[in-house]
Amino acid sequence: MKITGMKLAAKLLCLIMTGSLFLISCSGAVTQPAKTFEKSKTWTIMVYMAADNNLEGDAIDDINEMENAAFDDSIRVVALLDRSESYDKSNGDWSDTRFLEIQRDPQQSDLLVSKRVSCTALGISASENTELNMANPKTLRTFVEYTKETYESDCYALIIWGHGNGWRYDDNKKTLLTEKPETRSFAYDEGNGSYMNVIDLGEALSGLSLDCIAFDTCFGAVFECFYQIKDCSTYLIGSPDSISSKGMNYTRLLESFSNSSYEPLDFCSSVLRSSPYEATWVKSDSLSNLKDSLDSFGETLGRAIDKKEVQLKLFNCFTSTIKGWQAPSTPCDLYLDLYSIGNWFSDDKNCAELGLSMEQAAIVSEKASELRNQLLFAGGSNRGNRADIGVLFGEINQEKVLSTVHSDSYIKGKINNQCLFVQESCGWVPAKNHDSVSVLDKLFYTSFS
């Protein structure tokens, strides 16, 4: 989930224009055109702001950032903002759900100046208060469908704003009032005591054909989430890590994007440039091949784990050598960086140090190289020319210790309602009877004499 507190300091990346086109190396080789380029596309940017929680004040700040931005009529920004009764008293202290057309505020005041409009599809009036459940996937779907019908544009982007907890969800769909908080996923709505899990998110966005979906949440760029919505948008953007409560800088985002040729990759680059945290973009059509590469690597490595010594060395490698992310609060999950996995294991000398035979090391190294190359092809980040995506390794318990088991939701076939990656993975996730050669089965559930 987002970490509340002061916004992380971030300096605007200096753009040096030496020709009609120049390279933004820190955004994954995304090219940024000069101001003279023709802007042939129109855009509508939708921001789904689930702020009926302790992020309410940050939502008001981010709307102000949007209003402070200077952008032309080719870009329209709308927001569905749900506030709380408890955390912020500014701007009339209203606590319902409102559909806003973002308007420019020349005075750059703290007061919101955006236009409040009616949305019949959501039952929202411009003059009456309406409380919506932002955790209901129908609310998200209707917001996107109505916006696309009402604000005709060449391209559409959706920003999912608020708390995020990666892949985690509870199959029993308990409410926030009774469940353990670590089982939530997105759009925490305290007023309705509910949340939207990753499966609901996929159903809400299915078939909507967006150009870009960006997560201004913690753990948006984990493979389990991206894979769930891979058919919903051309590009996906997010952070594999926990982020500050302020999230991205929306003034910088909109002004950076306004200074581009309005291609989808320009939007990706602008999001990365406005994010003071690790952020990555991926081409959605690359995710299936990436999953296949991860599975192939996982199966190959799993077969090579044939004795206790190798198992222990490999477990220690994953938890101490490979780059990973986890929330500072507990309990939480440990996500491993797919690129770090592919890059480290692509060196057969590293594999040999684990106790693998020369033949095993060569095969594992080959599969790891394929995984690394897929990430170089899949996208980019503001940390390098590759996609930085996390994948679940294990769960951290209340004692801040890595658990020896996984939730039923992450064990393939254990329950009926599982996310798409768990359903389809054969080389990474554990199986119901723990009889597979997947990496997690061999590391967590296989005993050697």
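Trainee: What does the pLDDT say about the chain as a whole?
Mentor: This is a predicted model, and the chain averages a pLDDT of 88, with 88% of the residues scoring at least 70.

Trainee: Where is the pLDDT under 50?
Mentor: Residues 5–35 stay under 50, though the model gives them 75 contacts beyond four places in sequence. Residues 174–179 are also below 50, with 13 contacts beyond near neighbours in sequence.

Trainee: How many disulfides does the structure hold?
Mentor: It holds 0 disulfides. Take C351: its nearest cysteine sulfur, that of C317, is 8.7 Å away, while a disulfide needs the two sulfurs within 2.5 Å.

Trainee: What makes C419 count as buried or exposed?
Mentor: Buried means under 20% relative accessible area. C419 has 0%, so it's buried. C351 is at 0% as well, so it counts as buried too.

Trainee: Why are α8 and α9 called oblique?
Mentor: Helix α8 (residues 308–320) and helix α9 (residues 338–345) pack at about 135°, with axes 11 Å apart. Roughly perpendicular ends at 115 degrees and roughly antiparallel starts over 145, so α8 and α9 are oblique to each other.

Trainee: Which residues meet there?
Mentor: L314, C317 and F318 in α8 meet I341, W344 and F345 in α9. The crossing of α8 past α9 is right-handed.

Conventions
Residues numbered from 1 in each chain as written. Predicted model: local features only at pLDDT ≥ 70, side-chain atom pairs only at ≥ 80, totals over all residues. Heavy atoms only, no water. Buried < 20%, exposed > 50% of the residue type's maximum accessible area, 1.4 Å probe, protein only. pLDDT = per-residue confidence, 0-100. Contact = heavy atoms within 4.5 Å. Axes fitted to C-alpha atoms, helices over the stretch in contact; angles between N-to-C directions. Helix = DSSP H or I, 4+ residues; strand = E, 2+ residues; numbered from the N terminus. Parallel < 35°, antiparallel > 145°, perpendicular 65-115°, else oblique. Left-handed = near helix turned anticlockwise from the far one by under 90°.
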